[in-house]
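Biologist: Hi! Could you show me the model and walk me through a few parts of it?

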Amino acid sequence: MNIHHLLQLIVITACQSIPNSPDYVHAYPSYWDKYSQQEFIDSLYADTLLIGPDSDGAWSSRTFYVESTDMLVSDINKQWQRPDQLYPAKSFDRVRMKVIPFGPTRQLSKAHISTLLSLINDPLNFDWAETTFSKEIEVEFWDDDKLVSSFMIGARQTVIKPIPDWPHVKSMKFGHLTHQSTIELQRLLQELNL
């Protein structure tokens, strides 16, 4: 084969379309499969009522959290049993995690994606705690070669910070995971050697 034929073969091969990976389908048990709507709403408010008085004795913090929970409940009532509203609420075909700034990068299997999304798409896995955030891991959602969404994991793997930031994803509250959810996330990261 001469160089001319080799170049033609390379050009033809490069121009052929690469088949797209199928989009991910949310097939894990969603929060509406785990709880009745009323149980779910009661649990959201129960978390909010754990907020005590401000340092000056006023209740403005609780008022803020109750109002924020009201918005979340309103959203959930509209979105109940709507898979298209689950994070990232966009089509994607792969997920990549990378340790910030120069650590390893992992492509997630479908099972790992389901574990991650089951965790972050359940508002009861978050509480209203605030914390100082420091980036540790970036999670990217890709559709073909286009980045469609991302979030950061930080604060010793206890916080999920969507990009753009809260309140874009109100169901994540301030992004602070409950104790049990933090353990589940850390277990996933260990499986991925991150």
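Predicted model: local features only at pLDDT ≥ 70, side-chain atom pairs only at ≥ 80, totals over all residues.

Biologist: Nice. How many bridges pair β4 with β5, and in which sense?

Modeller: Eight bridges, in the antiparallel sense; β5 covers residues 146-154. As an example, F141 has S149 as its bridge partner in β5.

Biologist: And which residue of β4 is the bridge partner of V95?

Modeller: That is F141 again.

Biologist: Is β4 mostly covered or mostly open?

Modeller: Mostly covered: seven of the nine residues in β4 (residues 135-143) are buried.

Biologist: Okay, switching to helices. At what angle do α3 and α4 pack?

Modeller: At about 165°, and their axes are 9 Å apart. Helix α3 spans residues 37-49 and helix α4 spans residues 60-79.

Biologist: What does that angle tell us about their directions?

Modeller: Angles over 145 degrees count as roughly antiparallel, so α3 is roughly antiparallel to α4. Their crossing is right-handed.

Biologist: Which residues make the contact?

Modeller: From α3, they include F40, I41 and L44; from α4, Y65, V66 and I76 are among them.

Biologist: And how does that contact split by class?

Modeller: The contact of α3 with α4 has 10 nonpolar, four polar and two charged residues.

Methods
Residues numbered from 1 in each chain as written. Heavy atoms only, no water. Axes fitted to C-alpha atoms, helices over the stretch in contact; angles between N-to-C directions. Helix = DSSP H or I, 4+ residues; strand = E, 2+ residues; numbered from the N terminus. Parallel < 35°, antiparallel > 145°, perpendicular 65-115°, else oblique. Left-handed = near helix turned anticlockwise from the far one by under 90°. Contact = heavy atoms within 4.5 Å. Nonpolar A, V, L, I, M, F, W, Y, C, P; charged D, E, K, R; others polar. Buried < 20%, exposed > 50% of the residue type's maximum accessible area, 1.4 Å probe, protein only. Pairing = 2+ DSSP bridges.
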